[in-house]
Amino acid sequence: MHDYALHGLRPHSVVEPASAAELAETLRQAHERGLALVPWGGGTRQHVGRRPARYDLALATRRLNRIVAYHPEDLVVTAESGVTLETLQACLARHGQWLPWDPAHPERATIGGLLASGATGALRCGHTTLRDWTLGMRVALGDGRLVKSGSQVAKNVAGCDAHKLHIGAFGTLGVIAEATFKVAPLPEHFRSLIAVFTDPRLPVRAVDHLRAAPLQPVALVALNRPAADRIPALRTLLEGQPDHISVIARFAGTDLAVSRQVHEAERRCVSLGARIVAVPLKDDALLWHAISNTMAPTGDGSLLLRAGAPSSALGAVAGLLERVARRNGWVPAQIGIAPAGLIFSRWFTGLAGPEAVNQALLEARIELGVLGGYVVVEEAPPSLVGALDLWGPLPEGIDVMRALRARWDPAGILNPGRFVV
Amino acid sequence: MNRSQLIEELRHVVGPTGVVADPVALMTYDADGCVMDTGEPQVVVLPTSAEQVSAVVRLAARYGAPIVPRGAGTGLAGGATPIGGGIVVSTARMDRVLEIDARNGRVLCQPGVINWELSQLLKPYGYQFAPDPSSQKACTVGGNIANNAGGPHCLKYGITSSHVLGVQMVLPDGSIIWTGDGNPAPVGYDLTGVITGSEGTIGLVTAAWLRLTRLPEAVRVVLALFPDIAGASASVSQVIASGFLPAALEIMDRLAIKAVNDMYKLGLPEQAGAALLIEVDGVDDGLDELLADITAVCWRNGAIDVRPARTPAEQNQVWAARKNAFGAMGRLAPTYYLVDTVVPRTRLPYTMEQVGRISQEYRLPIANVFHAGDGNLHPIILFDRRDRSQNQRALEAATGVMHVSIEQGGVISGEHGIGVEKQDYMTLLFSTDDLAAMAGLHQSFDPYDLFNPGKVFPKGRGCGELAALRKAGVAWSELKTR
């Protein structure tokens, strides 16, 4: 049985609403009584964010597990927030469709939790983020109002896109009851290739070449050796290679379009001096599943950073994160979602205290600032979580964000203290 | 308000050439593309920078004059109409492209940049700005952002909000903030997502990082002709349901064909009751196969001809006809009322039947030129506004289309916005709680209702209470249970 413990805190009770109305009623009562709550989906990303300032109730969404409406011919699906991503994808796949979104642990992670925590995956290269696939939501606000925004159709400009605010808000504006997505036809073919480079300057060029016309990879990542070694499927494929950085590209579409792109991608990488490792077709999905999982919090006591920067600066960002880590004697495992300008860097900080880690974070933030980027901590070792500056500087719109939160969560009961707002 | 003093102070901020106060010149600004409601502004100001906009906003607050942002004024819902007077802030002089950062797939623009000119500028780099509303030769990217504009190619590339990475905006308190700098997943709430489509009610965008979309390697365009609109609509529904993803699927019906046929020398046969414009794009390999699959669906649904537009010149001609079809309506009637609603794609054939019924019921011809692939209807009600009865019937027919669309699970606007045109229909879609939550969002940006007041939110019956709610930010449900 789950105890819903979080950063050493345990709730007094657990509520499991079975409908949107029950969810709203729970929030209304919590609002009246001033009970602080933590919305809880699959729990795969609860490590992200600070320790709650107060934690009275765990609000589990696991009984909100219905697919509310699915019209395959309209390419639109509505699901309750407690549906796991795997369940949703399986339902769509039966009709030859998918949601092109591949965050970690789809078998446990719920769509509500993934949306609320702004989860991402390698497919954002070709399909942007889930924000652009979300057509509408029903959300229970912090005072128990059950409200909707958006629609069930592909295009809508009636009313503001209030639902976008809940994506990546860590449940601080409301608890998602259900979400409506546009979905896409499942591509006929997926094929991937791995280009292995021993010269650390080349992967950056390879990434540029792999996204230049006419290539349109749906996923394009670069991993350093320690990151690749954490993926068993990849470790096997790369057995015996010297120290390396691998660039992995995935193409999707019709057979002809995919074949031509893979062929062209191979040619471009080889001309840069890469060794190409073919990914057996049967392993393609598994490999990407494993790659996504390396970007997720693990609870293994490591420090997981997420850095964002203009994609042209990604090589420099990877280099500076590596330098800062190595200066402290930590070996970073790094993976970059290249065209999106995101890097996940995992530092094994061991017994280092909060001063050393904060200092390293500060150095990284200053250097990243010069490159036009930022870094946040997605997961911290339990002993450090209360002592680190996880989110970095406040965003410019913070006053408006606070004013908004005061209106939608007037009693401040939703995940208090965990997010920047 | 002391108007002449305000004008003097505005001149001090933006310079004498940046202020329009002459009564005749002001008449140009009394409406946008939606001419059903008009209002005269006290003054129009044309700032050139965020700092100037900020100073203007502070002055407006001091004088108690509302701010009405305006791009090119091509909007169709009255979003830029100064219904209650005030200061119209035109972005016409903020028209510079500040940085093309092709390597990072983004461009930094001022809001007054013309949509089409931006795409022309990006062409040599191999990119485009994907949203392409039919007014793209005149409309500005600032207006596109305010209205979350669409266009034919939304079908594949998504609406404006998918192409705005972050903006610099002036808030109603005069402060200037960036909601993002184009980097992925910035910390905090997605303010970029709510400013897009907010119709000038929560802030004025003074610069924007926009996403670049790669120009496709290859493009194929065909026109499939049908004896009637039913076959064309059914084809669209089936193409979508079969999992094909064209770049655009646009329908023109018999009346629309009649309007554009001569003007654009399309040479379409008289017996064509509907034309379906199909565009596919992407990697060259496999494109012909995709197009063949799609045209096969058309043949199965009774197409009488499928005409490819082979050369770029031919393709441009077909697209020019499509995009200028609204203008060509002048050949058919003195006035038209363009309605914008959306239905699920499977409901298209039935909904188009209902539009035909509405045309008969209100005894007004209705032409249809629309983004069929998205289920986005554009019935064009043809009438003579000098005839009061026709005026009234046109409005009622439009309301009829909205009701049918909602009944079918759709919405009252797909891309034109709410503005003043549809504000009283918002209650058909949203509950009072929904609207109060949106009002709370609005109030957290604009507590004194300075920006574009009297728009978007319903003003009709029962909405005095809503206005009170917006002020108080209280949950409506609490009032109801009292």
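These legends describe close-up views of a predicted model.

**View 1. Helix α1 of chain B and its buried face.**
Helix α1 of chain B covers residues 3–14, 12 residues in all. From the first C-alpha to the last, α1(B) reaches 16 Å, close to the 16 Å expected at 1.5 Å a residue. Buried residues in α1(B) are Leu6(B), Ile7(B), Leu10(B) and Val14(B). Seen down the axis of α1(B), these buried residues fall within an arc of 100 degrees, so they line one face of the helix. Ser4(B) and His12(B), on the other side of α1(B), are exposed. The partners against which the buried residues of α1(B) pack are β1 (19–20), β2 (43–45), α3 (50–63) and β4 (87–90) of chain B. Just after the helix comes Gly15(B), with a positive phi of about 85 degrees.

**View 2. Helix α9 of chain A and what covers it.**
Helix α9 of chain A spans residues 284–293, and Asp284(A), Leu287(A), Trp288(A), Ile291(A) and Ser292(A) are buried in it. Down the axis of α9(A), the buried residues fall within an arc of 135 degrees, so one face of the helix is lined by them. The face turned away from this buried side carries Ala285(A) and Leu286(A), which are exposed. Among the elements of chain A that cover the buried residues of α9(A) are the strands β11 (189–197), β12 (219–224), β13 (245–253) and β16 (333–337). Helix α7 (232–237) of chain A is also included in this cover.

**View 3. Gln408(B) in its loop.**
Gln408(B) is placed in the loop between α14 (388–407) and α15 (426–429) of chain B. With a relative accessible area of 14%, Gln408(B) is buried. Leaving aside residues up to four places away in sequence, Gln408(B) touches Val343(B), Pro344(B), Arg347(B), Tyr350(B) and Thr351(B).

**View 4. Domain 1 and domain 4 of chain B.**
The domain assignment of chain B gives domain 1 (3–90), domain 2 (97–214), domain 3 (217–331) and domain 4 (430–481). Contact between domain 1 and domain 4 of chain B takes 13 residues from domain 1 and six residues from domain 4. About 650 Å² is buried between these two domains of chain B, 69% of it on carbon and sulfur atoms. Between domain 1 and domain 4 of chain B the count of salt bridges is zero.

**View 5. The interface of chain A and chain B.**
In this interface, 74 residues of chain A are in contact with 78 residues of chain B. The two chains, A and B, bury about 6,000 Å² between them, with 57% of it on carbon and sulfur atoms. On the chain A side, Lys155(A), Val157(A) and Arg407(A) lose the most area to chain B, together 14% of what that side buries. Five salt bridges are found across the interface of chain A and chain B. Arg260(A) and Glu217(B) meet through their side chains in a salt bridge, 2.7 Å from N to O.

**View 6. Two salt bridges within chain A.**
Over all chains the salt bridges number 42. Glu80(A) and Arg66(A) form a salt bridge, and their closest N and O atoms are 3.1 Å apart. Glu80(A) lies in strand β5 (residues 76–80) of chain A, and Arg66(A) lies in the loop between β3 (57–60) and β4 (67–71) of chain A. The two residues, Glu80(A) and Arg66(A), are 14 residues apart. Glu80(A) counts as buried at 6% relative accessibility, whereas Arg66(A) is partly exposed, with a relative accessible area of 40%. In the second pair, the side chains of Arg326(A) and Glu322(A) meet at 2.9 Å, N to O. Both Arg326(A) and Glu322(A) belong to helix α10 (residues 314–327) of chain A, where they are four residues apart, about one turn of the helix. Arg326(A) is partly exposed at 44% relative accessible area, and Glu322(A) is partly exposed at 22% relative accessibility.

Asp132(B) and Lys323(B) join their side chains in a salt bridge of 3.0 Å, N to O. Asp132(B) lies in the loop between β7 (127–128) and α5 (141–147) of chain B, and Lys323(B) in helix α11 (residues 312–323) of chain B, so the pair ties together parts that are 191 residues apart in sequence. Asp132(B) is buried at 7% relative accessibility, and Lys323(B) is buried at 13%. In chain A, salt bridges that share partners join Arg323(A), Arg327(A), Glu363(A) and Glu367(A) into one network.

Definitions and conventions
Residues numbered from 1 in each chain as written. Chains lettered and ligands numbered in written order. Predicted model: local features only at pLDDT ≥ 70, side-chain atom pairs only at ≥ 80, totals over all residues. Heavy atoms only, no water. Expected span 1.5 Å × (residues − 1). Buried < 20%, exposed > 50% of the residue type's maximum accessible area, 1.4 Å probe, protein only. Arc of directions from axis to C-beta. Contact = heavy atoms within 4.5 Å. Domains from an automatic or database assignment. Buried area = accessible area lost by both parts, 1.4 Å probe. Salt bridge = Lys/Arg side-chain N within 4 Å of Asp/Glu carboxyl O.
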